[in-house]
Amino acid sequence: MMELRLPTLEQLRTVYDADLLKAFPAAELKPLRNMEELWEVDRYRPWCLFDGDEIVGECFLWLGHPGWALLDYLCVSPSWVEPLLVLAGLGAAILRKLQEVEPDTVIFGESEVPEDADDPAMAERRLGFYARNGLRTAGYDTEMFGVHYKTLYLFREEVDDAALMEEHRFVYQSTFSPEKYTQFVRIPYDPGVPSGPKVAWE
């Protein structure tokens, strides 16, 4: 039976190297040391989907105020991604189990906008996957480190955009320096302002 639970520090390091480094481009992946630092101060919850002793997927939460969390990464282990039905099934299972372990948390996240993505078809499939699994689209977009995203959220009821935006900003403002936040984070995204360069997390 598959179970969502927190890994050991060594397991976190293993799945970071084995899964996340392969699944996400540098502009979308924070360094492992940042995850470890946030976890140490109870600002990060790296949930992993275990099949027995094997980790087959991950859904990492970046915690804000109580009751709010950013879905930082959702990933299925590369060894499980074929066929695509298996990938979709595991991803859906992770989201279902995430709601079970975080029933009172508004979980929000960012998914790349297809028209600005390097792989528009993949970005479109991601948005479709999230929609099929109950995520709602918020009324504002974001830009992080030069990447344009749709804002999505998972909760049992609708969430006010203004409240969501305030909590979205808080996650980054409470972690980044004011200079870094101003340079790399735009909440909401403004289509009238040229996008910044796509750079790796620092």
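Analyst: Pro188 has its place in the segment after β8 (185-186). In naming such elements, helices (H or I, at least four residues) and strands (E, at least two) are DSSP runs, numbered from the N terminus. This is a predicted model, in which local features need pLDDT of at least 70 and side-chain atom pairs count only at pLDDT 80 or more, while totals for chains, interfaces and linings use all residues. Residues are numbered from 1 along each chain as its sequence is written, and side-chain values use heavy atoms, with hydrogens and water left out.

The peptide bond that leads from Ile187 into Pro188 is cis, and its omega is near 5°. For background, most residues other than glycine have a negative phi, and most peptide bonds are trans. Phe145 is not a glycine, yet its phi is positive, at about 50°. The loop between β6 (136-144) and β7 (147-154) holds Phe145. Is Phe145 buried or exposed? Phe145 counts as buried, at 0% relative accessibility; buried means under 20% relative accessible area, exposed over 50%, and partly exposed in between (1.4 Å probe, protein chains only).

Asp42 also has a positive phi without being a glycine, here about 60°. Asp42 sits in the loop between α2 (32-40) and β2 (44-51). Its relative accessible area is 54%, so Asp42 is exposed.

A pair of aromatic rings is described by the distance of the centres and the angle of the planes. Here, rings of Phe, Tyr and Trp (its six-membered ring) pair if their centres lie within 6.5 Å; planes under 30 degrees apart count as stacked, over 60 as edge-to-face and the rest as tilted. By this rule there are eight aromatic pairs. One of them joins Phe145 and Phe176: the ring centres are 6.0 Å apart and the planes stand at 85°, so the pair is edge-to-face. Because Phe145 is in the loop between β6 and β7 and Phe176 is in the loop between α5 (161-173) and α6 (178-184), this pair ties together parts that are 31 residues apart in sequence. Both Phe145 and Phe176 are buried.

Phe145 forms a stacked aromatic pair with Phe184, with 4.7 Å from centre to centre and 10° between the planes. This pair also links distant parts of the chain, since Phe184 belongs to helix α6 while Phe145 is in the loop between β6 and β7, 39 residues away. Phe184 has a relative accessible area of 10%, so this residue is buried. Which residues form one aromatic cluster? They are Trp62, Phe145, Tyr172, Phe176 and Phe184.

Helix α6 also contains Gln183. With a relative accessible area of 56%, Gln183 is exposed. Between the C-alpha atoms of Gln183 and Asn133 there are 33 Å, and the two residues are 50 apart along the chain.

Leu98 gives another view of the fold. Leu98 is part of helix α3 (residues 84-101) and counts as buried at 0% relative accessibility. The C-alpha atom of Leu98 is separated by 9.6 Å from that of Arg5, although 93 residues of sequence lie between their positions. Leaving aside residues up to four places away in sequence, Leu98 touches Leu4, Trp47, Cys59, Leu61, Leu71 and Ile107, where contact means heavy atoms within 4.5 Å.

Now to the whole. The protein chain has six helices and eight strands, which follow one another as β-α-α-β-β-β-α-β-α-β-β-α-α-β. Its radius of gyration is 16 Å, close to the 17 Å that the globule rule gives for 202 residues, so the protein chain is as compact as a globular protein of that length. That radius is taken over C-alpha atoms, and the globule rule is 2.2 Å times the number of residues to the power 0.38. The C-alpha trace spans about 50 × 35 × 35 Å along its principal axes.

Of the 202 residues, 50% count as buried. Contacts between residues at least 6 apart in sequence join residues at least 24 apart in 62% of cases. The accessible surface is about 10000 Å², and carbon and sulfur atoms account for 53% of it; such areas come from the Shrake-Rupley method with a 1.4 Å probe, and for residues only the protein chains shown count as cover.
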